[in-house]
Amino acid sequence: MKRIWAICSFEIKKLFIKPQSYLLMFGMPLLFTLLFGGIMGDSSTGKVTLAFIDQDHSMMSKSLYDTLQNNDLFLLKEMSHNEAATQIKDKKLIGLLEVSKGFENKFASEGQPMVTFKYSPDFTSNAMIDQIVSNAIAKMKIQSTASTVWSNYSKESWEKMYPVLDKEISTSTPSIQKVSITKNMKKQEMGNVSARSAGFSIMFVMIVMMSVTGVLLEARKTGVWYRLLSTPTSRLEVMGGYFLSFFLIGWIQFGVLMAASTLLFGVHWGNLLGVFILVTSLLLCVVGLGLFISGFVKTTEQQGAFGSVIITATCMLGGVYWPLDIVPSFMQKIAEFIPQTWAMRGFTELISRGGSVQDIVAPVSVLLAFSVVFLAIGITRVKYE
Amino acid sequence: MLEVSKVRKSFGKTEVVKGVTFSVERGEAFGLLGPNGAGKSTTISMICGLLPFNEGDITVDGYSVKNNPMEIKKRIGVVPQDIALYPTMSAMDNLLFWGKMYGLSRKNALNRAYEVLDIVGLRDRAKDKIETFSGGMKRRINIGAALMHRPQILIMDEPTVGIDPQSRNHILETVKQLNKEGMTIIYTSHYMEEVEFLCERIGIIDHGEVIAVGTKEDLINRLSGGTVIKMEIGHYNKSLVEELNTLPFVEKIVTKDDERELEIFVNSSHQALGELVSTAVKNNVEVSTIQVQEPNLETLFLQLTGRSLRD
Ligand SMILES: Nc1ncnc2c1ncn2[C@@H]1O[C@H](COP(=O)(O)OP(=O)(O)OP(=O)(O)O)[C@@H](O)[C@H]1O
Ligand SMILES: [Mg+2]
């Protein structure tokens, strides 16, 4: 035990004696958080504005307006057709949504309620808005059908039931993630900064872990490993010392980043036990990845090079730099196989939704599964002679 | 103290240590002399329990490496052939770390580190990082790290490779002093002079076999009465070498350095000098120098293997 601690504390000292470690461990992730968190802005300032033209003036068109207002992609402004046309011309709006007369009646009859969406050609997120509007209408359709069924039994007008259902559904079911994230206004404001903060902490912990796990390669190259094993220190103690140092270094880094982001950007990390469990499983996974890579390369330089490429690429795929909802669906599918995606999900659960340990069981399990695979391959590949 | 008996080791299909046997007494300085690739480092790794071997046994103080490697590791200090130190850390930090790895408490390690720095003569550089040291100084700390736990046996694997004569002398004097104070030394090298200077007994190893063991005198007496005559000639001439080879007292001729330097093994040097020179003249080859060499281990190695220790 004494020797394990001696190895561990020596490795930590060796890292923190180098000034550049501080830059890599703390300076860069905070800077990146500031840049990316700031550029993408928090959700209210980053929204585009659309005109909402209501020709129907019915309960249903009102309901649609309310439902659509509840998203973090765009703001709706009610105005007349002419007003909207001039504002679009002046580039004050990026598009308009028009609800034509007879919208509500379409719900009662078998018809398909339609909304016209017009947008300026340079607007790129139109597909997403399309999607959001279709979702909203689909949801309203279900509610109105439910209300109609109810009115057949109760002999009361369906218009009575609809608002009740609407309220019930939007408060009780977090069926669409966006709705539930944005429910709490205070937390919603911090969405992007928190996400980038978690993201860049993950990324830079990975980068640091990659170089830290490289010490095993280095030790073998310099002969330090040889000398360690020539002392009365068992292989288990040597590995124990190194592993302990990996985890402590990872924890020190994450802890400092958490504290700094709380102070600087006001990020709330949520349930601390949850964060501890999530970060520990992430560290296990990354240490595993580090050993996995060092099992296939010859030098620490190669480890660094491969490590950076792999980390950068997987961070892109895993939603570390930007939210995953803005990437195409095939990339969202790939993301399921990236550890960072799961780490980010865990953090979303903890940070934005005030989740507790039970809520991160899924991401933690997936991370642990990744760890088992990486560690198993890494440890068998690394030669300890 | 140390017994190595009939140890064999193969890497894959190639056997690199072929039944090595030797023993070292307490307080003795034993030299293992052999050319590159002879199997010196491999033998040392096996003694230290770092490399499993196929056959034979190694014991230290009655403990076998196979059953009690930890007991052996406590008793020995190894100076690896490479500089096994942390370059970004200070000399002091390195020594403290290795002291702790040998099981010293922090306080003992600290006291001992200062003693060790005195032994290797680098106390004034204690706080400097290893990467700022010269090659010779690194080598000295490399030795110091193995002295932290006052080992009974100090095993050194070519501790003077690639350093200046001044550092080399310092190291040799240090080791000699440690031996005088009672430390058992095992020293490997391909420098005959180092081994001759330090060691009472010497084993000569080549191609994984110990081809001769004994004191320096024993070994030299084994030279079959022969002497080596070094002759430098103006230009190489094949027929000269052929003719020299037919002379009755010539046993072997080894050529080196653009083949202008001949090492001629003769069984008696009495008439040899004259005949060698006259043969050269007869062949129109100019002789620039000719000298009779004191018989030494190099000569023995040449005689035993037909090669020189270093190329
Ligand atoms: N890990 C290994 N795998 C395969 N062959 C090896 C290994 N280590 C050493 N050898 C071979 O074993 C032989 C002896 O090597 P060793 O390092 O013991 O020589 P040495 O006497 O220490 O030489 P030097 O003076 O160059 O240090 C060499 O032919 C070498 O190629
Ligand atoms: Mg060697």
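Which protein donors hold positions 1.8 to 2.2 Å from the magnesium ion (ligand 2)? They are Ser41(B), through its OG atom, and Gln81(B), through OE1. Donors here are N, O and S atoms within 2.8 Å of the metal (3.2 Å for Na, K and Ca), and water is not among the atoms, so sites may look incomplete. This pair links distant parts of the chain, 40 residues apart: Ser41(B) belongs to helix α1 (residues 40-47) of chain B, while Gln81(B) lies in the loop between β6 (76-79) and α3 (91-101) of chain B.

Before going on, please note that this is a predicted model, in which local features need pLDDT of at least 70, side-chain atom pairs count only at pLDDT 80 or more, and totals for chains, interfaces and linings use all residues. Residues are numbered from 1 along each chain as its sequence is written, chains are lettered from A and ligands numbered from 1 in the order in which they are written, and side-chain values use heavy atoms, with hydrogens and water left out.

**Chain B as a whole**

Chain B has eleven helices and 14 strands; helices (H or I, at least four residues) and strands (E, at least two) are DSSP runs, numbered from the N terminus. Its C-alpha trace spans about 75 × 45 × 35 Å along the principal axes. Of the 311 residues in chain B, 53% are buried. Buried means under 20% relative accessible area, exposed over 50%, and partly exposed in between (1.4 Å probe, protein chains only).

**How covered are some residues?**

| Residue | Relative accessible area | Class |
|---|---|---|
| Ser41(B) | 25% | partly exposed |
| Gln81(B) | 29% | partly exposed |
| Asp61(B) | 31% | partly exposed |
| Asn142(B) | 0% | buried |

**A look at Asn142(B)**

Asn142(B) sits in helix α5 (residues 135-147) of chain B. Leaving aside residues up to four places away in sequence, Asn142(B) touches several residues, including Arg227(A), Val79(B) and Asp82(B); contact means heavy atoms within 4.5 Å. The side chain of Asn142(B) also reaches the backbone oxygen of Asp82(B) at 3.2 Å.

**Two positive phi angles**

Most residues other than glycine have a negative phi. Asp61(B), however, has a positive phi near 55°, and its place is the loop between β4 (55-60) and β5 (63-64) of chain B. Arg150(B) has a positive phi near 45°, in the loop between α5 and β7 (153-157) of chain B.

Conventions:
A polar contact is a pair of N or O atoms within 3.5 Å; within protein, one must be able to donate a hydrogen and the other to accept it, and residues adjacent in sequence count only if both atoms are side-chain atoms.
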